[in-house]
Amino acid sequence: MENSEGVKIESTVVTEEPLISALDIALFVVIITVAYFWYFKRDKQSSSSEKKPYTIQPSSLSSIEQTSNSSFIKKLKSTGRSLVVFYGSQTGTAEEFAGRIAKEGARYKMKGMVADPEECDMADLVEMKEIQKSLAIFCIATYGEGDPTDNAMDFYEWLQNGDADLEGLNYAVFGLGNKTYEHYNEIAIYIDQRLEELGATRVHEIGLGDDDANIEDDFVSWKEKLWESVCSHYGIEETGEESNIRQYKLVDCSEVLPERIFSGEISRLKSYENQRFPFDVKNPYLSKIAVNRELHKSGNRSCMHIEFDIDGSKMRYDTGDHVAVYPKNSSELVDKIGELLNADLDAVFSLLNTDEESSKKHPFPCPCTYRTALTYYLDITSNPRTHIMKELIEYASDPKDQEKLKLMASSTPEGKKEFHEWILRDNRNIVHILEDLPSVKPDLDHLCELLPRLQCRYYSISSSPKVYPKSIHITAVLVNYTTPTNRVNKGVATNLLAQLIPTNDELPQPTIPIYIRRSQFRLPPKSQTPIIMIGPGTGLAPFRGFIQERDYARKEGREIGEMVLYFGCRKKDEDFIYENELQEYVANGTLTKLHLAFSRDQPEKKYVTHLLEQNADELWNIIGEKSGHLYVCGDARSMAKDVHSITVKVVMEKGQMTNSQALNYVKKMEQQKRYSADVWS
């Protein structure tokens, strides 16, 4: 019975049990659910990536906050604005110009905002047409060999690679460049043309500012005509209201705890006490000065060889790169401002942006003391621009001082002449102005708002990481000169560096904040490729690194190509820097030829360009017959231009080409990176 009952029961189980159990179903549902979410989340992300290839967002925000903050369109709409001014800035000038334009927009019933393209989703430009009477203005600098600034790089690439429909976008462009450089305002010109190609409407012709002449004058002249075009295009009139409205408001921070006060850090509070890799423009490395020695043998000038210790920093550099040095203003000048304005420099304050929607809450790290701001964050040694003259008028109690400031702030021929002579020619900085116009007593917080940011200084690295992986070398001339008003102006960075002398005892070694900026100034990939280097004075700096690298390769047993160096200085016995090193490289065969020009060792001045002309056969042999590389480093205004002219002439004569063919040949060398220049004006 049990057996039959047992069989019966077994039979019931076989015939009535489902093929898949409840547990199997549950597991199946879980697997399907996980697969569903995984697949569609990935698909959604992929789709989103395809639709928005260009999105730059602050790393410290959540994804929702990032999307919101990167949309300048949302900010414009939510705050009733119609004007946005983007800036591509390497030294702060373009950002300053952008701020001035946005501020003046109020006079034309166009409420404006300033925007950093690196922090915006520039694809949103297609939506500008949704805002009535909207206008986008671009203040764009070009630096290096026709490169965009770091913060405009992604926008530049987006324009190059994208095909957005920008019909309905109204725009204008002002470029900041330098005519001594070959690629004068190249980035601004490209952006101006590319926006039009994509369907946007140019409201006003492009402005080209020349920093080698008077970029302030160029900007003011363009800006005045810009507003005329804007009024005509939109059918609006100037309200006549002055735009001297404070962008930042003063906040008393006397109760802030000491550990919350900035003391010179560039971005992150206490970053010099707690260093974190990676190191960059906003997070420099506090490097010890390992070596600081004089290179000149005699004379009244000074040239320093300085070595920055980067051991343990994880920093890496390539031969030809630049190192950025963050300087600080002299305590003498800072104290002078406090004395002239009868101000307490140790008071703790903050400047807070009155525009709550602005991504830039403070003009520099706040809170801090006035002493810290004037020492580390503000440029008090350059020539102030005309808008500062205008803002100072209200603080002048003497009618004569008032009239002088009004004249220099005006755009009349007389005003421009006065500004050029009194400010630029006589080389006055803000301290000199306050001294020479004694009735002008601006509020110190307003002055801190007006002054531009103190910028880091770039130096060509004069060492090779193959030979010196734990240190960075630079070669810097001490800058000191007397102005027409018999004042002695001193270079901010070099005079600071001159004081940072390492000691042999156990005292803490002097330090300075630095970071590495990548360069396109590179040796050929193949060590056998012949090269010619032209670098008078401190133009020798990157070539010292080039020579070290080739010497290292030679000692490893690798074949190296010809290395020809043209070096020049005033007098052999005074300023022939690195003489012993260079002679040693000639002796061991690393340097094939060393052409020397000492301009003042004979009655008739002789320069490296004279020697280059004399050695036309050698020049053509290397760049023409052997497809070698030509490098130039130093003065852009005359030397580099002369080298270019001589090269074209030699190519034309030795290569039996027409002038047009020779120009194209040299142009092709530049495109192939066979003709490279690292120059300054």
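Predicted model: local features only at pLDDT ≥ 70, side-chain atom pairs only at ≥ 80, totals over all residues.
The protein has 681 residues, of which 49% are buried. Its secondary structure consists of 23 helices and 23 strands. Among the contacts with a separation of 6 or more, 75% are made by residues 24 or more positions apart. The accessible surface amounts to about 33600 Å², and carbon and sulfur atoms contribute 50% of that area.

Empty space within the protein was examined next. Rolling a probe the size of a water molecule over the atoms shows where such space is left. Three cavities of 30 Å³ or more were found in the structure. For the largest cavity, the computed volume is about 90 Å³. The lining of the largest cavity is formed by Asn214, Glu216, Asp217, Val220, Thr386, Met408, Ala409, Ser410, Gly415, Lys416 and Phe419. Two or more of these residues come from each of the helices α8 (215-234), α12 (399-409) and α13 (413-425). Sorted by class, the lining of the largest cavity comprises four nonpolar, four polar and three charged residues. The largest cavity lies between domain 1 (72-234) and domain 3 (329-454), because both domains give residues to its lining.

In the lining of the second largest pocket, 11 residues are nonpolar, three are polar and four are charged.

Helix α10 spans residues 370-377 and is mostly covered, with six of its eight residues buried. The buried residues of the helix are Tyr370, Thr372, Ala373, Leu374, Thr375 and Tyr377. The packing partners of these buried residues include two helices, α9 (331-340) and α15 (444-450). The buried residues of α10 also pack against the strands β8 (248-252), β12 (348-353) and β13 (368-369).

Conventions:
Residues numbered from 1 in each chain as written. Heavy atoms only, no water. Nonpolar A, V, L, I, M, F, W, Y, C, P; charged D, E, K, R; others polar. Helix = DSSP H or I, 4+ residues; strand = E, 2+ residues; numbered from the N terminus. Buried < 20%, exposed > 50% of the residue type's maximum accessible area, 1.4 Å probe, protein only. Contact = heavy atoms within 4.5 Å. Areas by Shrake-Rupley, 256 points an atom, 1.4 Å probe, with all protein chains shown as cover. 1 Å grid on protein atoms, 1.4 Å probe; cavity = no way out; pocket = protein on both sides within 12 Å on 5 of 7 lines; lining within 4 Å. Points joined across faces, edges and corners; volume = space filled by probe spheres on them. Domains from an automatic or database assignment.
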